[in-house]
Amino acid sequence: MAESVMYEATMEPGSLPVAEDHNGLSCLMAKAALGHRVLLAGLLAEIDLYPGQDRVLLALWEHGPQSQNKLAALLGIDVSTMTRSLQRLERSGFVNRSPSPANRRVSMVSTTPKGDALRPEVIRVLGEVHRRMVEGLTAEEVATLCALLGVVRDNVCGDEACDVGPC
């Protein structure tokens, strides 16, 4: 296995640590993540969604109606964040919340026909984001990039803290 690459931050007056250099890994990672979020937000706005709402809809399409708490756990977000997202989705007519027949204190979430009609558009948006991210890369380079980002994720997340829920 390849040896780990370690950088010592140079702290000479007027210099930046390697990780803070504009072409350093930390800066490039932050800019790529921000660019991804801005691109996704812009494309989702075209179909009247906010970032994160696509993940809620995808989870409902994949797993069917869920309790609000189970949906939050599935996506790895806290219940208050889920509540705000569901309120927006409900106001837009994309989801319904109703009491569970088994326990009326539990709120069940399901998509509406209007929400289901968004499925091809959400898939299109996610495909476009992917296309733009990998433009100019070969399939082999994409596979290598995914493998390397997986290692970086594991290094910075530890103990599966970042591995909760789908992206």
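Which residues of helix 3 (residues 68-75) are buried? Select Gln68, Leu71, Ala72 and Leu75, which are the buried residues of this helix; buried means under 20% relative accessible area, exposed over 50% and partly exposed in between, with a 1.4 Å probe and protein chains only. Before going on, note that this is a predicted model, in which local features need pLDDT of at least 70 and side-chain atom pairs count only at pLDDT 80 or more, while totals for chains, interfaces and linings use all residues. Residues are numbered from 1 along each chain as its sequence is written, and side-chain values use heavy atoms, with hydrogens and water left out.

**Helix 3**

Look down the axis of helix 3: its buried residues fall within an arc of 100°, so they line one face of the helix. The arc is taken over the directions from the helix axis to the C-beta atoms. An α-helix has 3.6 residues a turn, so residues three or four places apart point the same way. Now select Asn69, Lys70 and Ala73, which are exposed on the other side of helix 3.

Next, show what the buried residues of helix 3 pack against: helix 2, strand 1 (66-67), helix 4, strand 2 (95-99) and strand 3 (107-111). Helices (H or I, at least four residues) and strands (E, at least two) are DSSP runs, numbered from the N terminus. Just after helix 3, select glycine 76, which takes a positive phi of about 70°.

**Helix 2 and helix 4**

Select residues 53-63 and 79-91, helix 2 and helix 4, whose axes come within 10 Å and cross at roughly 85°. Axes are lines fitted to C-alpha atoms, for helices over the stretch in contact, and angles run from 0 to 180 degrees between N-to-C directions. Helix 2 is therefore roughly perpendicular to helix 4, a term covering 65 to 115 degrees. On helix 2 the contact (heavy atoms within 4.5 Å) is made by Gln53, Val56 and Leu57, and on helix 4 by Met82, Ser85, Leu86, Arg88 and Leu89.

Move to aspartate 48, in the loop between helix 1 (25-45) and helix 2. Aspartate 48 has a positive phi of about 65° although it is not a glycine. Most residues other than glycine have a negative phi. Aspartate 48 is exposed, with a relative accessible area of 57%.

**The whole chain**

Finally, zoom out: the chain has seven helices and three strands, in the order α-α-β-α-α-β-β-α-α-α. Of its 167 residues, 26% count as buried.

Key
Angles under 35 degrees count as roughly parallel, over 145 as roughly antiparallel, 65 to 115 as roughly perpendicular and the rest as oblique.
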